[in-house]
Every structure is written in structure tokens, then in C-alpha cells.
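Please look through the model shown below before reading my comments on it. The points that follow are numbered so that you can check each one against the picture.

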Amino acid sequence: MNKLVAGNWKMNGSLVSNRALLAAINPVAGVDVLVCVPFPYLAQAQERHPGVALGAQDVSEFRNGAYTGEVSVSMLRDFGCAYVLVGHSERRALFGESDETVGRKAVAALEGGIEPIVCVGETLAQRDAGLVVEVIGAQLEAVLGVLGREGMSRITIAYEPVWAIGTGRSATAAQAGEVHRSIRDWLLGRHVDAGRIRILYGGSMKPQNAPELFATECVGGGLVGGASLVAGDFSAICRAAAPV
Ligand code: PGA
């Protein structure tokens, strides 16, 4: 299975700056390249190179109706989105998204034909307390509860330790590998067919650490924040994900 490298622009960009960035993002043979842009720029990004997939950073759990400010799955589909991030730690921490909300968003995406990239990860305090497996297990359990085993087998998971996001302090390959393996074990323990599930690593991924992370067992790709705003860095990370 190809590795998936997803750029998460977060709340950055402008029509002018996006133009140069999008023009510099190219497909890489043997790698699934994805950019997750802010909602207003989906139309602009839709005109990108056809070999680069488009995604959003959030989606409503509701189908349509009186939900001011929300964006539905079908709207994302209208703009060619193939993926959507759900439960990014910034959504959880800053906008109060619970494990249950994340589960409902994942199910809305999947039922609407868009692959959810479900983000999970522990805070530093949780890691220090030895709670990594418990915290991630609870985050995944809420998603499994609404998706069921079959649905769960059709998602992407992103492991993003909160302490590594935007801090310049990436998890080591050994730390990432340990958690990715434990996620696989967790899925196995719940009888979820994990054969098609890619588990991305995210958190201060850079051209310098990407090759080692991608070479780590069970790491199926990357979710890239800051470095995805620098065309040369994002391209280098995408190239590092190519099969050897
Ligand atoms: P970062 O962000 O690469 O800037 O650490 C990753 C993310 O939040 O998805």
C-alpha cells in the first residue's frame, strides 16, 4: 500500500500565497499526496495537479439544515475532497470536541463517501503518567462504537502526540513505532480488519526526520503541519515516502 502524506495547512494561506504553494506540490510515484486546505480555498485547490488529492480539516457531523457556520460532507464532496481530518488535537483542545463528537464526524464522513483521517494522540502529562495506550484506546473506542468494525476498517488513523505538534520536538522513530504497533494491536484485539488501515505519524515532521519515521514499522505515512507550508520541505517529505 502506498504511504499517504497529508499536508495540514491549518488556518494559513491566502489566494496569492496558495497559488505558489499549490503550483509547487507535485505527485510522487508510489505515494498518495494530499493537501488539507481551509474551506474557502477548496475551490482554488481543486485546480491543482490531478495527481494530488484534496481534503478538508474538519466537517460537520450533521447532514444539512440549521447549523450556522457548519460545512457538510456533501459540500466537501462538491469540491472534490477525498479525505477529511476529524478530531485533530487542536479541534479537541481549543473547540471542545469530545471523543463522541469525533466519532459522529467520522461516521458522517464515511457515510457521505469521504475517508476520515481520525486523529488521536496523548498530551505530555498523559504520556508522563503512562497513559498513552489508555488515552488512544478511548479515542479509538468512541469511533469504533459508531462506525462498527467494517466502517473502522475503511478509515485512516493519524497518531499525533500533542506534545510534538508545532513544537519542533518530533517523537523519535522508536516512540512512534511503539504507539503505531500498539494501535495495530488494539485494532486486532477488537477484531477490526486492519489490512487497509494506514496509520500516519504527525507532529513536527520535517525533511530531516521523515525518512527515519517512514522507515519505521507500521508508519503508513505522515500528517504534516508547519512543513506543509514550505513547498520545498513538503515535497522533500513526500519524496521520502516513496517506496525504496
Ligand atoms: P506540525 O503539525 O507538523 O506543525 O507539528 C502537525 C499537525 O498538527 O497535523
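**Notes on the model**

1. Cysteine 218 sits in the loop that runs between helix H9 (210-214) and strand S8 (221-224), where helices (H or I, at least four residues) and strands (E, at least two) are DSSP runs numbered from the N terminus. The phi angle of cysteine 218 is near 75°, a positive value in a residue other than glycine.

2. Please keep in mind that this is a predicted model, in which local features need pLDDT of at least 70 and side-chain atom pairs count only at pLDDT 80 or more, while totals for chains, interfaces and linings use all residues. Residues are numbered from 1 along each chain as its sequence is written, and side-chain values use heavy atoms, with hydrogens and water left out.

3. Lysine 10 is found in the loop between S1 and helix H1 (15-24), and its phi is near 55°, again a positive value in a residue other than glycine. Lysine 10 counts as partly exposed because its relative accessibility is 22%, given that buried means under 20% relative accessible area, exposed over 50%, and partly exposed in between (1.4 Å probe, protein chains only).

4. From the backbone, a polar atom of glycine 225 is 2.9 Å from a ligand oxygen. Taken alone the ligand exposes 280 Å², of which the protein buries 96%; these areas come from the Shrake-Rupley method with a 1.4 Å probe.

5. Asparagine 8 lies in strand S1 (residues 3-8), and it counts as buried because its relative accessibility is 4%. Not counting residues up to four places away in sequence, asparagine 8 touches several residues, among them His88 and Gly225, where contact means heavy atoms within 4.5 Å.

6. In helix H10 (residues 231-240), the residues Phe234, Ser235, Ile237 and Cys238 are buried. They are on the same side of H10 because they cover an arc of only 160° around the axis, the arc being that of the directions from the helix axis to the C-beta atoms. An α-helix has 3.6 residues a turn, so residues three or four places apart point the same way. The buried residues of H10 pack against S1, H1, strand S2 (31-36), H9 and S8.

Note on methods:
A polar contact is a pair of N or O atoms within 3.5 Å; within protein, one must be able to donate a hydrogen and the other to accept it, and residues adjacent in sequence count only if both atoms are side-chain atoms.
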